[in-house]
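Dear colleague,

I am passing on the structure below, together with some notes on what was found in it.

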Amino acid sequence: MSNNPSLHLAEYLERLPGTTFKKLYQQPSTAFAIFRRMLPHLAKTFVMRMLFMPHPMTLNDLDVWVKPEAKRKKDQSLSILRGLHIVQISAPSKEKPQEIQLMSNFKRSLRLALTGGGNHNSFGVPSSLLIPPEIDLPFLDRYARKKWEDVLHFVVSSVGYKSVGDGSGPNKGVKELLIAGRLVDRRPNGGLGITQAGFTFLLQEANAQVWTLLLLWLDVLGNNKGSGLDPVDMLSFLFMLASLELGRAYDTNALTEERRNMLPSLVDFGLIYIPQHKRSMFFPTRLATTLTSGGNSLRTISEGVTAATQSAQTSQQSLGPLGGGGGEQQAGSVVIETNYRLYAYTQSALQIAVLALFAKLNMRFPDMVAGRLSRASIRQAINFGITADQIISYLAAHAHEQMHRTAALTNKPVLPPTVVDQIRLWQLENERMKTTSGFLFRDFTDDKDYLDTARFSEEIGVLVWRNDHARMFFANKHEQIKDFLKTRKRAE
Amino acid sequence: MPRAIRGVLIECDPSIKSIIVNIDSVNHDFIIEDLDEERVVVKENMVQLLKQKLEDRLKENLPPVDESGSE
């Protein structure tokens, strides 16, 4: 398997063994968080319907709940539920129909989370001490934003455009973490440079960024056995943090020692705040309490560009819980000329980083950057996974007022058509092959074997290509197909 | 018993595919399975190298690009 740290919570969870899930689900807060964040709506519906059932139900009964045309959706939901070890489905056999039920740990914990009761303390113990008056919501928001912007500026500044007045920067540990996670890497000349993963990171919404960093952290500590920290316990602590209430103080002494040892790192990330003179209480910040809210999963770099474009089009500043990191996105700042030169009137480090994705920037002034679009720069953008259409719509959405005025006067399109066409041509020239990693399945013994397996993989949505004649198909995941083949073999 | 082979599916134009096959013909160390006119499965660890070799090949046949123009 690849050694790349997984930047995606779903991927991370998928790799955990079943025993880990058993441990995780002992905490009601964890079961609840997974339910809230990781499941599609249909899967949530299934879980809620089965939650208070005393006995397993047959899969046939479940089919009745779903309209026939939504079968694919149902299969995908079930496959997610199985992947997260939330349900178990009995093996098919001749005597009994297949049955489905919630895993007992998960069921118990989710019931506790929803109906209350028990003394598990998994939703935190409030501190009984007096809260210092200066610590209020605006204070916590300011604090968290400052911490997080430090992190983002550190990543951005490695592009080579020093952000204005970068005094402190994030803690050394955080920097090491970003380097270890290859969001930035050391260049031969001793400086730091942003990586493709770093760009992806930058364009995500704040919530997803926090998860990326936390997962990196879990990975680093998990590989380092001497740390004495158990990644499973850490993960369930994070889920607990997510269930806490913003603006309330919680008792540090109610935490286990391992969890207390995690607190300094969480302070570095800006997830919690500990007052200088009252070390026995901690405040979760908005970064922590929004960890499991919203079903928004991570964005790829190209979705990030789309999002940046849309936010300019609607000129709404909806950029995650902290209002974006690298500065405000201002609409109407980019001028592009027919000779491919580009000028952007902006100071936003994030916007400059986005422009640097597809343009060669060569001058920076206090309130403006200048550069050029070239074959090489567009090619670089395409390597990052950005499409020509995204670049064009980004430019259109951010076009300077002057561009609109000239266009209206001369009755021409806002962006010079030559540039738009050339960007498209450059893309055609560069986009020569589409790659999908996964597994080729072949050497099936007979047609039925092949057809059943191929149909199964199509139903769970992993099939990429099939050739019935050659009895081969290509799927982007193999775990469930393997299970499917095993159960089939047993049933024979 | 069916087999599952890890690899990367590459979808491209027939012209590009023939170049890939040609690159592979030197040592036969890229392609796992030649699927059809527009698809091949390639070893995962060789994709980067293949992309690079393909670029080199294509560069040989492309007219030099005019990147001058004052900055």
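Between them, chain B and chain A bury about 2,900 Å², and 58% of that lies on carbon and sulfur atoms; buried area here is the accessible area (1.4 Å probe) that two parts lose on being put together, summed over both. Please bear in mind that this is a predicted model, in which local features need pLDDT of at least 70 and side-chain atom pairs count only at pLDDT 80 or more, while totals for chains, interfaces and linings use all residues. Residues are numbered from 1 along each chain as its sequence is written, chains are lettered from A and ligands numbered from 1 in the order in which they are written, and side-chain values use heavy atoms, with hydrogens and water left out.

The contact takes 33 residues from chain B and 30 residues from chain A, where contact means heavy atoms within 4.5 Å. Four salt bridges are counted between chain B and chain A, a salt bridge being a side-chain nitrogen of Lys or Arg within 4 Å of a carboxyl oxygen of Asp or Glu. One of them joins the side chains of Arg379(A) and Glu55(B), at 2.4 Å from N to O. On the side of chain B that touches chain A, the elements that give two or more residues are strand 1 (3–12), helix 1 (14–24), strand 2 (31–36), strand 3 (39–42) and helix 2 (47–61) of chain B; helices (H or I, at least four residues) and strands (E, at least two) are DSSP runs, numbered from the N terminus. The largest share of that side, 10 residues, comes from strand 1 of chain B.

Turning to chain A, its secondary structure comes to 22 helices and 15 strands. Of the 492 residues in chain A, 50% are buried, where buried means under 20% relative accessible area, exposed over 50%, and partly exposed in between (1.4 Å probe, protein chains only). Among the contacts in chain A with a separation of 6 or more, 67% are between residues 24 or more positions apart. Helix 16 (residues 349–358) of chain A is mostly covered, with 10 of its 10 residues buried, including Gln351(A) and Phe358(A).

The aromatic rings deserve a separate look. Over all chains, the structure holds 16 aromatic pairs; rings of Phe, Tyr and Trp (its six-membered ring) pair if their centres lie within 6.5 Å, and planes under 30 degrees apart count as stacked, over 60 as edge-to-face and the rest as tilted. The pair of Tyr250(A) and Phe282(A) is tilted, because the ring centres are 6.1 Å apart and the planes stand at 35°. This pair links distant parts of the chain, with Tyr250(A) in strand 6 (residues 250–251) and Phe282(A) in strand 8 (residues 281–284) of chain A, 32 residues apart. Tyr250(A) is buried at a relative accessible area of 5%, and Phe282(A) is buried at 1%.

By contrast in the naming of the pair, Phe444(A) and Phe473(A) are stacked, because their ring centres are 5.9 Å apart and their planes are at 25°. Phe444(A) lies in the loop between strand 13 (433–442) and helix 21 (447–459) of chain A, and Phe473(A) in strand 15 (residues 472–475), so the pair ties together parts that are 29 residues apart in sequence. Phe444(A) counts as buried at 6% relative accessibility, and Phe473(A) counts as buried at 0%. Elsewhere, ring pairs link Phe139(A), Tyr143(A), Tyr273(A) and Phe283(A) into a cluster.

Helix 21 of chain A also holds Ser457(A), which is buried with a relative accessible area of 0%. Leaving out residues up to four places away in sequence, Ser457(A) touches Val462(A), Leu463(A), Phe473(A) and Ile481(A). Asp452(A) is placed in helix 21 of chain A as well and is buried, at 13%; apart from neighbours within four places in sequence, Asp452(A) is in contact with Phe484(A) and Arg488(A).

Finally, a note on the backbone: Asn411(A) has a positive phi of about 60° although it is not a glycine. Asn411(A) lies in the loop between helix 19 (401–410) and helix 20 (417–430) of chain A, and is exposed, with a relative accessible area of 69%.

With best wishes
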